[in-house]
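Subject: The structure I promised you

Hi,

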Amino acid sequence: MTDSKYFTTTKKGEIFELKAELNSDKKEKKKEAVKKVIASMTVGKDVSALFPDVVNCMQTDNLELKKLVYLYLMNYAKSQPDMAIMAVNTFVKDCEDPNPLIRALAVRTMGCIRVDKITEYLCEPLRKCLKDEDPYVRKTAAVCVAKLHDINAQLVEDQGFLDTLKDLISDSNPMVVANAVAALSEIAESHPNSNLLDLNPQSINKLLTALNECTEWGQIFILDCLANYTPRDDRESQSICERVTPRLSHANSAVVLSAVKVLMKFMEMLPKDLDYYGTLLKKLAPPLVTLLSAEPELQYVALRNINLIVQKRPEILKHEMKVFFVKYNDPIYVKLEKLDIMIRLASQANIAQVLAELKEYATEVDVDFVRKAVRAIGRCAIKVEQSAERCVSTLLDLIQTKVNYVVQEAIVVIKDIFRKYPNKYESVIATLCENLDSLDEPEARAAMIWIVGEYAERIDNADELLESFLEGFHDESTQVQLQLLTAIVKLFLKKPTETQELVQQVLSLATQDSDNPDLRDRGYIYWRLLSTDPVAAKEVVLAEKPLISEETDLIEPTLLEELICHIGTLASVYHKPPSAFVEGSRGVMHKRLPLGGDIGGSPAMGAGFGAAPAVMPASLNAPVGGGLGDLFDLGGGVGMPMGAYIPPKTVWLPAMKAKGLEISGTFARRAGVIQMELVLTNKAMSVMTDFAIQFNRNSFGLAPAGPLQVLTPLGPNQTIEVSLPLSTVGPVMKMDPLNNLQVAVKNNIDVFYFSCQYPISMLFVEDGKMERQVFLATWKDIPNDNESQFQIQDCHLNSDAASNKLQGSNIFTIAKRTVEGQDMLYMAIKLSNGIWVLAELKMQAGNPNYTVSLGTRRDGEQHY
Amino acid sequence: PQAFQIFILHKVLISRNYMGNMDMNEVDHFMPIMMRMEEDAESLPLVTHGSAHFLWIKHRNLYLVAMTKKNANAALVYSFLYKMVEVFKEYFKELEEESIRDNFVTVYELMDEVMDFGFPQTTDSKILQEYITQQGHKLDVGAPRPPATVTNAVSWRSEGIKYRKNEVFMDVIESVNLLVSATGSVLRSEIVGSIKLKVVLSGMPELRLGLNDKVLFEITGREKCKTVELEDVKFHQCVRLSRFENDRTISFIPPDGESELMSYRLNTTVKPLIWIESVIEKFSHSRVEIKVKARSQFKSRSTANNVAIMVPVPSDADSPKFKTSTGSCKYLPEKSVVQWNIKSFPGGKEYMMRAHFGLPSVESTELEGRRPITVNFEIPYFTVSGIQVRYLKIIEKSGYEALPWVRYITQSGDYQLRTN
């Protein structure tokens with residue numbers, strides 16, 4: 001007898017009947033009833049009214065029945081939270097059952113019940129299960145921590161489960177390790193800045209060892225976790241790559257793709273001249289090709305990812321064009337993706353074959369595919385100059401087929417070919433003009449109009465052709481209207497005598513009869529130009545156009561880098577960053593590739609700091625104490641507006657040391673935020689792009705709070721001012737001098753290092769006022785060794801002015817007294833890392849020299 | 001994050017919410033999206049509604065749908081869905097609406113076991129069968145416990161397996177994928193090989209497989225023998241990958257029973273095994289004439305069996321007439337092909353087929369794609385690549401002797417010749 005009978009119950013009084021059966025004395029009848037309940041639940045009927053009766057069946061010695069009751073609980077506990085509490089006892093008891101299957105079942109199910117009251121009771125059993133002797137229970141408990149964290153993160157932290165979970169990474173059982181890694185990664189996702197996974201060479205080594213022993217799914221968890229790690233240097237990077245490469249031979253495509261992700265990311269750090277780099281490139285191609293033999297959905301994921309890989313590292317698959325040839329029985333989504341990759345791989349070496357294929361595809365029947373194939377022919381022409389002529393003749397052949405959408409698509413791409421190779425293929429214009437009437441798509445009409453306007457002097461009846469479009473001007477789409485306006489103005493400038501009437505007509509259509517602001521504005525601009533200065537009009541309208549670039553549809557480099565870090569995931573399939581489609585992920589750090597070790601052959605930037613401090617000139621040699629002197633602003637008068645002291649900008653990185661990039665800057669504290677204010681000047685001949693910045697670890701944990709916002713490329717002789725907000729939560733390392741900051745800036749050319757010093761006053765926080773009593777007590781507590789004195793000379797401020805001025809920099813006067821004609825100011829400063837500095841400032845009227853005594857309770861800080 | 005829910009639906013048959021915090025009704029948007037796509041003749045394995053992403057595969061008339069709101073690992077999801085199909089098939093023979101309904105209790109149990117909180121767990125059906133069975137259990141009398149295998153490093157083979165006679169059967173199967181242009185030039189030719197095992201061995205045997213792998217022979221300095229250059233190799237998870245990476249040794253503890261040990265791929269320049277030349281002449285409003293010549297381009301001591309050559313004909317063709325030099329022809333109107341069957345096709349032979357169809361005087365307006373000719377065949381006792389199993393060493397601590405049996409076969413894979 002099969003289970004399907006449970007689905008057929010009488011409609012009327014069903015719940016009532018079930019209730020009676022659930023409370024039956026006969027075990028068999030009870031079990032049957034629970035099955036019926038689950039069957040009803042499965043088909044979407046609401047059986048929540050039976051909650052107490054089902055829960056009553058929970059204490060059973062029948063495993064199958066127990067599982068069903070648990071299933072029911074997971075579904076309905078949320079809607080009956082008060083009654084769900086009845087189940088707690090059994091759960092807790094089951095967590096102690098001698099059979100590990102039951103213990104695991106209980107802890108697994110409890111984690112799925114999102115009722116606060118139950119969650120509280122989960123903690124103790126979970127703690128036990130995390131240390132259970134049976135790995136099956138431990139691996140289930142590990143996942144349960146992630147579940148619990150999703151329900152109540154605070155609870156998990158308070159109970160110390162995160163530490164227990166971290167310990168499980170060293171568990172002797174590979175499946176426990178894999179689940180612990182998965183759970184920690186999941187939790188870390190919601191705490192992007194926490195150091196939860198604490199990836200370091202030792203833990204990485206453990207993971208790599210577990211990689212060899214766990215199931216295919218566990219391997220994916222571990223590889224995905226590894227991909228978040230940034231190796232210290234190229235050597236570590238290589239050794240991880242070497243241990244990950246064998247995964248490329250795994251039968252599971254998902255394992256392969258996750259391994260590819262790790263390799264693509266870590267490869268970034270390998271110097272390109274390294275033999276191993278070449279070996280690795282060669283190893284990547286065969287598994288990527290094999291992915292195309294997988295199930296179609298996996299092929300699709302693979303192709304979308306290959307599309308990224310080909311853009312990032314075209315050399316990997318450059319010889320594999322043929323594997324992307326389309327098969328008749330490929331699903332359409334696979335066909336379209338293959339086509340896209342074919343165009344990206346097209347080169348002079350393979351263009352003949354590619355073209356033959358594209359021509360074949362262009363005569364298929366699937367409209368989307370055919371259109372894309374025609375477009376691809378156009379892109380080949382633009383990409384591979386030697387093939388342009390052949391492409392144009394192929395396109396002409398296709399136009400002769402008179403298949404409407406083929407013709408329109410062909411005209412659109414021919415326009416681009418004209419733009420790329422001006423004055424070369426105009427002989428085909430006549431053929432194009434023959435098809436004017438059949439064009440009904442805006443893009444094709446606009447393209448054709450552009451061609452007529454652009455080559456008006458060679459087309460005898462250009463005026464007639466354009467005039468014919470003008471008749472239905474208002475029915476055209478904006479794209480066509482704009483193009484028509486421009487084309488007729490061009491025509492007029494080329495053949496002014498016979499087209500005056502026409503141009504009048506279009507200008508009035510555009511400016512008077514249209515309510516589209518763009519169209520009107522363009523119309524007015526042309527009109528004024530033509531009426532005031534026809535020569536200038538010619539220079540503007542008929543100006544030489546820039547050539548269109550070879551590669552179109554390329555993904556913007558920063559996005560591409562981010563997507564490479566997400567290989568295999570939805571982001572890589574959508575070609576969108578996760579923040580674009582995952583709710584609540586805005587503000588989460590975008591993943592970035594490590595900065596390249598191959599740029600200039602230097603080790604990766606992060607690691608480079610340790611190795612190469614010698615190259616960083618200490619550009620500011622003033623003693624730190626001077627920072628305070630500066631605060632008095634010796635030169636400036638009292639009349640200066642109040643505000644934090646900002647040192648003048650100095651050159652940090654001279655252009656000759658940075659291949660033409662000059663950086664100067666300063667630091668400021670504005671509205672409580674520390675800003676690094678940079679001026680980047682391009683003194684080189686070529687455009688600079690892709691700017692990025694990183695700091696070495698430093699005394700106060702300064703770190704960029706966001707990416708360096710240089711959005712537009714920096715042209716030669718251009719200067720841009722950028723303000724980079726800084727946070728003080730970065731890694732800390734004591735520097736000498738203490739306020740030294742080592743910075744690396746990357747652009748498309750190279751990575752450059754410099755160091756600079758920031759005024760300590762920038763770290764003084766706004767809540768630095770101290771109670772007098774506290775101040776007094778603290779002042780007394782300061783050991784003598786922690787006190788220092790120095791003199792500030794030549795300062796002409798009275799005590800009140802000084803006090804005001806200092807307050808602007810978050811130095812607060814707590815008390816003032818006058819002793820023997822000396823003003824004594826007692827002041828407090830709080831640093832961003834929470835350390836207090838107290839100061840006594842002695843000023844004698846008429847004496848421009850002040851004495852400052854500083855003290856702090858903590859050792860090692862007295863030299864402020 | 002792999003966080004997601006799984007549905008098996010036609011309309012929703014059964015589902016499992018692995019995250020607990022998602023609205024299960026979101027799936028109601030899925031079928032309408034599918035229907036809309038079908039109307040527009042579109043297809044995508046990944047669709048979105050609002051913030052929910054649906055990753056789906058289709059098995060027979062059932063959709064297996066995973067729903068997520070996070071940036072899930074898409075490759076893992078598809079791979080897992082296919083694995084689920086495999087598990088269900090092992091359990092219920094076939095995955096279809098009826099088998100799900102008939103076994104819904106077991107299906108729930110399996111869904112609970114193969115994934116936890118969106119993380120795939122144990123998906124090896126042989127191991128699952130050791131503790132998830134289709135009979136109800138009493139806890140006190142021998143309720144199953146999770147076999148140690150579940151969490152072991154060797155998670156695919158249980159201990160204590162016993163056979164009276166120890167044997168291993170190996171099938172080396174090579175599929176030839178071929179793509180030929182309409183002008184008769186070979187665009188792609190690829191061999192995808194697979195080594196399948198049927199293991200009937202007691203205990204925990206250690207196996208080592210020796211192939212005439214070119215890279216291995218180069219390492220060991222034996223270059224004179226005939227070798228095969230494998231372009232890419234994929235292994236069952238039982239094979240020690242790092243060992244293979246190091247010294248090309250294929251060593252493993254095999255799963256019990258049937259499994260695919262490895263697959264490999266190589267691009268070759270070998271002559272297409274069966275070569276087809278065709279002339280398809282279409283005289284609009286009257287008739288289609290088809291001439292097909294098939295030639296076997298392998299050695300005469302081998303024979304291709306069950307050769308079937310499928311030649312496309314217009315969908316509105318009628319009154320078929322055939323003439324063949326050997327074999328028989330059949331018109332399959334539902335596929336719009338004429339199928340030419342040749343039971344036995346020895347190497348070095350050439351056969352002819354002619355077909356004649358009528359066409360209606362009113363032409364159908366629907367455009368037809370130019371479908372390729374496809375060919376099916378199998379050639380026993382033969383591998384195109386020349387791959388050979390040199391040895392299979394079996395060592396078990398009890399010291400029994402076991403015999404390996406090897407069988408070779410070559411068959412057609414995706415074998416397409418484009419037509420004009």
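The centres of domain 1 and domain 2 of chain B are 33 Å apart, taken over C-alpha atoms. Those two belong to a set for chain B that reads domain 1 (5-129), domain 2 (167-270 + 384-418) and domain 3 (274-361 + 371-380), with bounds that come from an automatic or database domain assignment. For chain A the assignment gives domain 1 (14-230), domain 2 (346-438), domain 3 (441-532), domain 4 (650-762) and domain 5 (764-856). Between domain 1 of chain A and domain 3 of chain A, the centres are 69 Å apart, again over C-alpha atoms.

Before you go further, some ground rules. This is a predicted model, where local features need pLDDT of at least 70, side-chain atom pairs count only at pLDDT 80 or more, and totals for chains, interfaces and linings use all residues. Residues are numbered from 1 along each chain as its sequence is written, chains are lettered from A and ligands numbered from 1 in the order in which they are written, and side-chain values use heavy atoms, with hydrogens and water left out.

Where the chains meet

How many residues does each chain bring to the contact? Chain B brings 90 residues and chain A brings 105 residues, where contact means heavy atoms within 4.5 Å. The size of an interface is often given as the accessible area lost when the parts come together. Here chain B and chain A bury about 8,700 Å² between them, and 56% of that is on carbon and sulfur atoms. (Buried area is the accessible area, with a 1.4 Å probe, that two parts lose on being put together, summed over both.)

There are also 10 salt bridges across this interface, a salt bridge being a side-chain nitrogen of Lys or Arg within 4 Å of a carboxyl oxygen of Asp or Glu. One of them joins the side chains of B:Glu109 and A:Lys67, at 2.7 Å from N to O. On the side of chain B that touches chain A, the largest share, eight residues, comes from helix H2 (residues 74-92) of chain B. (Helices, H or I with at least four residues, and strands, E with at least two, are DSSP runs numbered from the N terminus.) That side of chain B divides into 41 nonpolar, 25 polar and 24 charged residues. For the classes, Ala, Val, Leu, Ile, Met, Phe, Trp, Tyr, Cys and Pro count as nonpolar, Asp, Glu, Lys and Arg as charged, and the others, Gly among them, as polar.

Salt bridges inside chain A

Over all chains, the structure holds 59 salt bridges. A:Glu64 pairs with A:Lys31, their closest N and O atoms being 3.2 Å apart. A:Glu64 sits in helix H4 (residues 63-76) of chain A and A:Lys31 in helix H2 (residues 27-42) of chain A, so this pair ties together parts that are 33 residues apart in sequence. A:Glu64 is buried, at a relative accessible area of 10%, and A:Lys31 is buried at 10% too. (Buried means under 20% relative accessible area, exposed over 50%, partly exposed in between, with a 1.4 Å probe and protein chains only.)

Next, A:Asp397 and A:Lys359 form a salt bridge with closest N and O atoms 3.3 Å apart. This pair links distant parts of the chain, with A:Asp397 in helix H22 (residues 388-400) and A:Lys359 in helix H20 (residues 351-361) of chain A, 38 residues apart. Both ends are partly exposed: A:Asp397 has a relative accessible area of 40% and A:Lys359 has 36%. Look as well for the salt-bridge network that links A:Arg371, A:Arg375, A:Glu409, A:Glu441 and A:Glu443.

A:Gln481 lies in helix H27 (residues 478-494) of chain A. Is A:Gln481 buried or exposed? A:Gln481 is buried, with a relative accessible area of 7%. A polar atom of its side chain lies 3.0 Å from the backbone oxygen of A:Phe473. Leaving out residues up to four places away in sequence, A:Gln481 touches A:Phe473, A:His474, A:Glu476 and A:Leu519.

A:Gln483 is in helix H27 of chain A as well. With residues up to four places away again left out, A:Gln483 touches A:Ala446, A:Ile449 and A:Trp450.

Technical notes: Polar contact = N/O pair within 3.5 Å; in protein donor to acceptor, adjacent residues only side chain to side chain.
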